[in-house]
Amino acid sequence: MRAQTTSMPRAVPAASLMPFVIVDDVFKVYREGDVETVALRGASMTVQRGEFVVIVGRSGSGKSTLLNIIGGLADTTAGRVTVAGFDLARSDEELRAMVRSKHIGMVFQADNLVPFLTAEENVALPMQLAGRADAGRRARHLLDELGVGARHGHRPEQLSGGEKQRVAIATAIANEPELLLGDELTGELDTMNTDAVLDALAALNARGMTLVIVTHNMRVARRATRILHIKDGLIEESEAAHGDKS
Amino acid sequence: MATRADEMTPPPDAQAGRAVLAATGLRKRYGRGDGAVDALRGVDLEIRGGEIVAVMGPSGCGKTTLLHVLGGIEPADAGEISIDGTVVSRDERRLAGLHRRTVTFVFQGFGLIPSLSARENVEFPLVAAGVPAGERHRSSLAALADVGLVEWQHHLPEEMSGGQRQRVAIARALVPNPRLILADEPTGNLDVATGEEVLDLLITSARRRRCALVMVTHDPDAGARADRILSLRDGVLVNHTEDLT
């Protein structure tokens with residue numbers, strides 16, 4: 001169910017003083033024929049700028065649905081979602097696309113890269129589309145920062161799983177979003193590669209990027225500054241964490 | 001075999017028999033010593049302009065390796081590849097440059113960037129080709145219209161079904177007006193009905209644009225709609241079925 005559409009950005013006044021993400025009493029119901037599945041049943045949470053929040057829950061708990069709603073990939077059935085001061089639930093697709101492209105980067109579990117482009121070309125791509133003249137130089141810089149600079153000329157299938165995900169992170173942050181969303185982005189990685197990706201995320205967070213990651217892996221959760229537990233479509237518990245080194 | 005009305009007339013390039021891509025003596029080995037696997041063991045082939053070719057064979061026979069080598073994704077250990085009569089396989093940069101202008105891809109796993117909208121995913125091959133932004137925008141919208149997805153231009157791949165994502169990938173493959181599309185199991189991640197629709201779109205789009213299409217496939221229906229089937233066994237082409245039309 002999509003709310004009313006508008007072509008005008010709905011920036012909330014004094015947005016910079018508000019939490020960067022506000023999820024307020026959100027419901028999400030999937031309907032297929034006569035069957036209804038309630039994925040979120042009044043979920044509420046906020047994320048402040050600069051936080052590293054991990055949402056932990058079992059399969060089917062609603063955590064990916066929640067992330068997709070924050071990323072503007074899914075509508076709410078009811079409730080309010082504000083990201084960077086924009087009310088996503090009352091935005092049309094064009095405005096959501098603008099919010100995503102300017103404010104949000106996303107990384108998924110797999111298939112984040114174009115197979116026939118090199119790592120550097122993949123990272124440069126979003127910047128070239130945005131008209132940035134320094135796309136190539138910045139792509140190399142980002143790959144260096146994420147520890148995969150030596151692999152800049154390699155195609156995805158020549159990279160390990162952890163290297164691919166770090167290239168994917170570089171691609172997602174190429175146009176300098178304030179918020180990076182990750183959906184089980186270490187789900188296919190072994191422990192060593194998981195740690196390399198988590199180190200990269202921690203370094204981004206230390207420089208001020210806001211991170212929201214969903215996972216069922218407590219190794220990932222331990223690196224967060226706050227852990228949210230989701231169960232049956234409700235955020236049940238919020239606990240401070242310490243951004244531990246693995 | 002290739003019985004649909006819009007597939008009956010071979011395009012002029014095919015009638016003229018000009019090769020858009022030719023390969024001789026392609027060899028590719030993975031690993032070393034006792035564990036080495038010879039994925040390609042001396043493959044010769046020629047793809048004529050506008051023809052639809054299916055590459056078939058059992059799993060592990062080297063089909064995907066062949067497609068990757070032809071498309072410059074992986075280098076061959078030996079052999080030569082020519083595009084439009086120009087040898088490109090001795091110079092990786094030249095290979096990449098020519099491929100970008102002439103050869104495009106469709107993958108089983110779609111190969112879309114999740115943080116880019118459908119239109120941006122279609123648009124990016126034109127960035128590498130130096131096409132101005134306004135023209136890129138128009139061309140990518142036209143390509144999305146060709147695959148019936150213009151209303152999805154702002155959506156991210158994650159919001160789309162598998163069939164829609166593969167249509168976006170097809171639009172991306174078509175947008176630079178290539179001479180050859182290389183497709184690796186283009187229906188492999190789709191249900192049967194969606195796979196048929198996507199296959200139909202891919203073949204009719206290639207025919208309409210007189211673009212050659214080489215499909216690696218397990219799907220007998222895809223083979224039946226090709227002009228020619230290349231059968232690969234243990235890294236060697238064992239049978240060329242010529243001119244099924």
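## The sheet of chain A

Two strands are said to pair if DSSP finds at least two bridges between them. In this predicted model, chain A holds an open sheet of 6 strands, which run in the order β6-β7-β8-β3-β9-β10 with mixed pairing. Because β6 and β10 (234-240) of chain A each have a single partner strand, they stand at the edges, and one side of each is left without a neighbour in the sheet. On average, and with direction ignored, neighbouring strands of this sheet are turned by 20° against each other.

One of the pairings joins strand β3 (residues 52-56) of chain A to strand β8 (residues 210-215) of chain A, in the parallel sense and over 5 bridges. Within chain A, F52(A) stands opposite L211(A), a residue of β8(A).

## Helices around the strands

Helix α1 (residues 63-70) of chain A packs on this sheet, where α1 touches β3, β6, β7, β8, β9 (226-231) and β10 of chain A, and the direction of the helix makes about 150° with that of β7(A). Helix α5 (residues 161-172) of chain A also packs on the sheet, touching β6 and β7 of chain A, with a direction that makes about 160° with that of β6(A).

Helix α2 (residues 93-103) of chain A has as its buried residues E93(A), L95(A), R96(A), A97(A), V99(A), R100(A) and H103(A). What covers these buried residues of α2(A) includes β4 (78-83), β5 (86-87), β6 and β7 (179-183) of chain A.

## Aromatic rings between the chains

A pair of aromatic rings is described by the distance of the centres and the angle of the planes. Over all chains, the count comes to 4 aromatic pairs. One of them is formed by F116(A) and F107(B), which are stacked at 6.0 Å centre to centre with 15° between the planes. This pair crosses between chains, from F116(A) in the loop between β6 (104-107) and α3 (119-129) of chain A to F107(B) in strand β6 (residues 103-107) of chain B. Since buried means under 20% relative accessible area, F116(A) counts as buried because its relative accessible area is 11%, and F107(B) counts as buried because its relative accessibility is 9%.

F107(B) also forms a stacked aromatic pair with F105(B), at 5.6 Å centre to centre and with 15° between the planes. F105(B), at 6% relative accessibility, is therefore buried by the same cut-off. Ring pairs link F116(A), F105(B), F107(B) and F124(B) into a cluster.

Conventions:
Residues are numbered from 1 along each chain as its sequence is written. Chains are lettered from A and ligands numbered from 1 in the order in which they are written. This is a predicted model: local features need pLDDT of at least 70, side-chain atom pairs count only at pLDDT 80 or more; totals for chains, interfaces and linings use all residues. Side-chain values use heavy atoms; hydrogens and water are left out. Rings of Phe, Tyr and Trp (its six-membered ring) pair if their centres lie within 6.5 Å; planes under 30 degrees apart count as stacked, over 60 as edge-to-face and the rest as tilted. Helices (H or I, at least four residues) and strands (E, at least two) are DSSP runs, numbered from the N terminus. Buried means under 20% relative accessible area, exposed over 50%, partly exposed in between (1.4 Å probe, protein chains only). Contact means heavy atoms within 4.5 Å. Axes are lines fitted to C-alpha atoms, for helices over the stretch in contact, and angles run from 0 to 180 degrees between N-to-C directions.
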